[in-house]
Structures are given as C-alpha cells and as structure tokens.
Amino acid sequence: MTYTSEQLINKIGRENISLRIGVGLTAVSNAVVRGKMPSSWYEGVKRECDLQGIECPTSLFTFKRPPKRTIRKKVRRQ
C-alpha cells in the first residue's frame, strides 16, 4: 500500500516518530500539515517502519530530487 505522509505518520504513531528521531510532537504535526517529512528524519522513520513491517517511500520526504532532464552545454577547450 502507498501511504500519504499523514497516513504513514498516523500508522507508525506520532509519539513513536517523536521519540525515534528526537523531535517534539508539534514538529511531527507540522510535517503532517506540510504533507512531507524532512529528509533528515528518513533514517529514523525508516527504522520504525521496518520494525512495524510498513513500506517507507522516499517520496514522503523532502529529499532534493535531480532534474528529470539535464542539458549539458559543450565546453570548448582553447
């Protein structure tokens, strides 16, 4: 099943996330409102997901994604 960040947070438990990553419950609630969790939370949330047998997609975090297409200009050597 693919979860939204709110669904994943509620499934794991806000207090579990708060304790696992060392942030307050308000920070966890703010992530729900924003719709994404900070990328720095990934490792802790992933561990909790693994313990509970839950999928933890990286798309629910604020990782910086590479552009879909990279255009490179040729550089002339002189």
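1. The outward face of H3 carries the exposed residues Thr26, Val33 and Arg34. Exposed means over 50% relative accessible area, buried under 20%, partly exposed in between (1.4 Å probe, protein chains only). Helices are DSSP runs (H or I, at least four residues), numbered from the N terminus.

2. This is a predicted model: local features need pLDDT of at least 70, side-chain atom pairs count only at pLDDT 80 or more, and totals for chains, interfaces and linings use all residues. Residues are numbered from 1 along each chain as its sequence is written, and side-chain values use heavy atoms, leaving out hydrogens and water.

3. Helix H3 spans residues 25-34; its buried residues are Val28, Ala31 and Val32. Down the axis of H3 they fall within an arc of 100°, so they line one face of the helix. The arc is taken from the directions from the helix axis to the C-beta atoms. Their cover includes helix H1 (5-12) and helix H2 (14-21). Contact means heavy atoms within 4.5 Å. Glycine 35 follows H3, with a positive phi near 90°.

4. The largest nonpolar core has 16 residues. Such a core is a set of buried Ala, Val, Leu, Ile, Met, Phe, Trp, Tyr and Cys residues joined through side-chain atoms within 4.5 Å. Leu8, Met37, Trp41 and Val45 have the most contacts inside it. H1, H3 and H4 each give two or more residues to this core. Beyond four places in sequence, the contacts of methionine 37 include Leu8, Ala31, Val45 and Phe61.

5. Check glutamate 48, in helix H4 (residues 42-52). Glutamate 48 is buried, at 10% relative accessible area. Not counting residues up to four places away in sequence, glutamate 48 touches Ile12, Asn16 and Arg20.
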